Structures are given as C-alpha cells and as structure tokens.
Amino acid sequence: MFEWIILAVLAAVILYQLYATLGRRVGRQPEDAPAAVPANAPALDVKAPELASDALSGLAALRARQADFDVGHFLGGARQAYEMIVKAFAAGDRDTLKPLLAPDVMANFETAIAAREAEGRTEKAEFMVPPRTDLDSITVEGDVAKAVVRILAEVRTRSTSAAGEAVDDRRTADLWTFERDLKSRNPNWTLVRVDVAEA
C-alpha cells in the first residue's frame, strides 16, 4: 500500500512537470499575428512604446512641466502628423503643411514642391503598412521641449509626368524632431528638423 502512495506522488510530480513544460508559449503563436486592419481605419499601437535611455531621462524633466504628458498619446499624434506631412508634401498641399512645420522646414519643403511643379510632375503617397514610431529622446531647455521620434515606414509613391507614371516602393528610417513651447496654450508640436536615421 505504501508503495502505491509513493508511485501516485511520483506520477503527480511527473504530470505536473509535463504540463508546466508543454503549457509554455515559446516563440510566435498563431494568435499573436496582428489582426487585419481596414485601409481606412486609424492605426493603433497595441504594444508599450519603446523608450531610449535619453528619452527616459528627459521624460522626467518634461513631466515636471507638463504632468499630463503621455508617451503613447504623443507617439500616436506623431504618427498621424508624419502621415499627414508625407501625403501633403507629395500632393503639394501647402495649406496643410504650413501649420505643422517650422518656417525653415517649410521653406525647404516649398523649394522641393516648386521644383516638382516646374517639371510638370505630380505625386501621390500612400503607406503600405502603418508607420512605426518610437521615442528616441526628449530634452527640455528653458520653456522649449524637443522630442526626437524614430519613424520606420514603407511608402509607395506614384509619380505622374509627361513621360508617364512611375511607382516607387521604399522603406524609410527617419528621425523627426518635434518642438513645443511649454508656456503656450497650444498643445500641438511642430516639426523642426528631419534627419535620416542610421541603419
């Protein structure tokens, strides 16, 4: 009888170990695949934002001045601004661009748009997948906050000219710097710099 009890205990331990091992999720599961998103639906981040160490240190300084600053909300806004700016630049929509850009950035965009128009070329940009935005760094100097956002995107550009239509698919990696006056009642951030991110 005593031997049966020992065997029952051993069997229970072995079954528990098997369950613990086989029950673990290892690697990507089928249910981990992102759900299909309609083309006209707004893109949503379902993961926690990734923060670089510079962003973590600057975040405290920004929250000391703006306690309600939310990284996820900011990155969602940065992604929307990125999509609006890229599409407006391709379309030559100066009215949409002007309130979103610092004057020197707007001047650079204006030069490129004017050159394209002089060539008689039109463009249209669309995103093949929702762009990814990550907060790279935050700095606060005086009353001015700057946030650098790393943006990864896959863009399809359709260009039409006298020679016909050309389609260009490309992946981009950029660092966009947004700035905001913390004394201003305007909650919007302005794009003040665009850099190509290092691979």
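**Reading the core of a predicted model**

The protein chain exposes about 13,400 Å², and carbon and sulfur atoms supply 57% of that area. The model is a predicted one.

Q: How many helices and strands does the protein chain have, and how do the elements run from the N terminus on?
A: The protein chain has 5 helices and 5 strands. From the N terminus on, the order is α-α-α-α-α-β-β-β-β-β.

Q: What percentage of the contacts between residues at least 6 apart in sequence join residues at least 24 apart?
A: In the protein chain that share is 58%. As for burial, 29% of the 199 residues count as buried.

Q: Which residues have the most contacts inside the largest nonpolar core?
A: Start with the general idea: in soluble globular proteins, nonpolar side chains tend to be buried together. Here the largest nonpolar core has 37 residues, and Phe74, Leu101 and Phe178 have the most contacts inside it. Two or more residues each come from helix 2 (53-65), helix 3, helix 5, strand 1 (122-127), strand 2 (132-141), strand 3 (144-161), strand 4 (164-181) and strand 5 (190-196). Helix 3 gives the largest share of this core, 10 residues.

Q: At what angle do helix 3 and helix 5 pack?
A: Helix 3 (residues 71-91) and helix 5 (residues 103-118) pack at about 35°, and their axes are 9 Å apart. On the helix 3 side the contact is made by Ile85, Phe89, Ala90 and Ala91; on the helix 5 side, by Phe109, Ala112, Ile113 and Arg116. By class, this contact has 7 nonpolar residues, 1 charged residue and no polar ones.

Q: Which residues does Phe74 touch, leaving out those up to four places away in sequence?
A: With that exclusion, Phe74 touches Phe69, Leu135, Ala147, Val149, Phe178 and Trp189. Phe74 counts as buried because its relative accessibility is 8%, below the 20% cut-off.

Q: How many aromatic pairs does the structure hold?
A: The general idea is that a pair of aromatic rings is described by the distance of the centres and the angle of the planes. This structure holds 8 aromatic pairs. In one of them, the rings of Phe69 and Phe74 have centres 5.5 Å apart and planes at 45°, so the pair is tilted. Phe69, at 6% relative accessibility, counts as buried. For Trp176 and Phe178 the ring centres are 6.3 Å apart and the planes are at 45°, so this pair is tilted. Both Trp176 and Phe178 are buried.

Q: Which residues do ring pairs link into a cluster?
A: The cluster links Phe69, Phe74, Tyr82, Phe127, Trp176, Phe178 and Trp189.

Q: Where does Trp189 lie, and is Trp189 buried or exposed?
A: Trp189 lies in the loop between strand 4 and strand 5. Its relative accessible area is 15%, so Trp189 is buried. Beyond its neighbours within four places in sequence, Trp189 is in contact with Leu62, Phe69, Phe74, Ala145, Lys146, Ala147, Phe178, Glu179 and Arg180. Trp189 and Ala147 are 42 residues apart in sequence, with 9.1 Å between their C-alpha atoms.

Q: Is Asn188 buried or exposed?
A: Asn188 is placed in the loop between strand 4 and strand 5. At 53% relative accessibility, over the 50% cut-off, Asn188 counts as exposed. Its C-alpha atom is 9.0 Å from that of Gly77, 111 residues away along the chain.

How values were computed: Residues are numbered from 1 along each chain as its sequence is written. This is a predicted model: local features need pLDDT of at least 70, side-chain atom pairs count only at pLDDT 80 or more; totals for chains, interfaces and linings use all residues. Side-chain values use heavy atoms; hydrogens and water are left out. Axes are lines fitted to C-alpha atoms, for helices over the stretch in contact, and angles run from 0 to 180 degrees between N-to-C directions. Helices (H or I, at least four residues) and strands (E, at least two) are DSSP runs, numbered from the N terminus. Contact means heavy atoms within 4.5 Å. Ala, Val, Leu, Ile, Met, Phe, Trp, Tyr, Cys and Pro count as nonpolar, Asp, Glu, Lys and Arg as charged, and the others, Gly among them, as polar. Buried means under 20% relative accessible area, exposed over 50%, partly exposed in between (1.4 Å probe, protein chains only). Accessible areas come from the Shrake-Rupley method with a 1.4 Å probe; for residues, only the protein chains shown count as cover. A nonpolar core is a set of buried Ala, Val, Leu, Ile, Met, Phe, Trp, Tyr and Cys residues joined through side-chain atoms within 4.5 Å. Rings of Phe, Tyr and Trp (its six-membered ring) pair if their centres lie within 6.5 Å; planes under 30 degrees apart count as stacked, over 60 as edge-to-face and the rest as tilted.
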